[in-house]
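Hello,

Here is the structure I promised to pass on to you. Please open it first, and then read my notes below alongside it.

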Amino acid sequence: MSAKQRVDQQPGFVLHSYPYRETSLIVEVFSRDHGRVGLVAKGARRPASQLRGVLMAFQPLFIDWSGGGEMKTLIRAEWQGGQPLLGGQALLCAYYANELLMRLMPREDAHPRLYAAYGEALRALAAGDSQEVVLRRFELALLQELGYGLLLETDADDAPVRGDTRYAYIIERGPISLEGFDAAGDEFATVTGKTLLDMAAGDFRDPETLAQSKALMRRLIQHYLGGQQLQSRRVFTELFAFPGDLS
């Protein structure tokens, strides 16, 4: 992007913001066509700024910016509407999703399907859908779009997954049948073939599927975070028994 190039009316969400100098903000946004973008919102903290009250997380925006460096200049943000405000555990689940995007998604790497999955997750949380199911579906979409997609329908040797078989899930390789395989201890996540097939179908109605997928996704996400600790985990464990990956 050249120094003079401008982007107008780009759909996006605020992922994170923090004060910059006396009256401005640094705003990290997740845009539909440009991925995660860092913006300087000049004067956004002034009482008379048109940006005050608009740069809210979890609300769909139309965003204009310009610039060619790592940090662009925010020109305008307009609320799209249609998204109820989140509260309680749903709000903290959404913060968890934002933190994953901030930690795992590089800047200016477009992921329109992940953008759609994120918007759907916010709508589902606002509608009161099962928070565990919402998070599992979002985590699967996140890892898939970032190139870390799970093998769910075939095993590590490219054989079809069998619903009546137990597997050890080897990170960066995939599921391996436990028949004749020693997976004792905590080195591997173990799941049934049914759980893997349910995850592939997005079907989390079975409580065993929900429990096993939660344990598997927790292990995978911690691996890709490279040991980074999530702030949302600390907040949730202090306030609630977290329904998703952070428990």
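This is a predicted model: local features need pLDDT of at least 70, side-chain atom pairs count only at pLDDT 80 or more; totals for chains, interfaces and linings use all residues.

The largest pocket has a volume of about 330 Å³. It is lined by 14 residues, and Leu15, His16, Tyr95, Asn98 and Glu99 are the closest to its centre. Strand S1 (6-20), helix H1 (88-104) and helix H6 (231-239) are the elements that give two or more residues to this lining. Which of them gives the most? That is H1, with 6 residues.

Next, a pair of helices. Helix H2 (residues 112-126) and helix H3 (residues 131-145) have axes that come within 10 Å and cross at roughly 175°. Angles over 145 degrees count as roughly antiparallel, and H2 and H3 are therefore roughly antiparallel to each other. On the H2 side, the contact is made by Arg113, Leu114, Ala117, Tyr118, Ala121, Ala124 and Leu125. H3 meets them with Gln131, Val134, Phe138, Ala141, Leu142 and Glu145. Sorted by class, the contact of H2 with H3 has 10 nonpolar residues, 1 polar and 2 charged.

Finally, have a look at the sheet. It is an open sheet of 3 strands in the order S7-S6-S8, and the pairing is antiparallel. Which strands lie at the edges? They are strand S7 (174-177) and strand S8 (189-192), each of which pairs on one side only. From one strand to the next, the twist averages 40°. Strand S6 (residues 166-170) and S7 run antiparallel and are joined by 4 bridges.

One is helix H4 (residues 193-201), which touches S6, S7 and S8; the direction of H4 makes about 80° with that of S8. The other is helix H5 (residues 207-225), which touches S6 and S8. For H5, the angle between its direction and that of S8 is about 150°.

Enjoy exploring it, and do write back with any questions.

Best wishes

Definitions and conventions: Residues are numbered from 1 along each chain as its sequence is written. Side-chain values use heavy atoms; hydrogens and water are left out. On a 1 Å grid over the protein atoms alone, a cavity is a set of points where a 1.4 Å probe fits but cannot get out, and a pocket is an open set with protein on both sides within 12 Å along at least five of seven lines; lining residues have an atom within 4 Å of a point. Grid points are joined across faces, edges and corners, and a volume is the space filled by probe spheres set on the points. Axes are lines fitted to C-alpha atoms, for helices over the stretch in contact, and angles run from 0 to 180 degrees between N-to-C directions. Angles under 35 degrees count as roughly parallel, over 145 as roughly antiparallel, 65 to 115 as roughly perpendicular and the rest as oblique. Contact means heavy atoms within 4.5 Å. Ala, Val, Leu, Ile, Met, Phe, Trp, Tyr, Cys and Pro count as nonpolar, Asp, Glu, Lys and Arg as charged, and the others, Gly among them, as polar. Two strands pair if DSSP finds at least two bridges between them.
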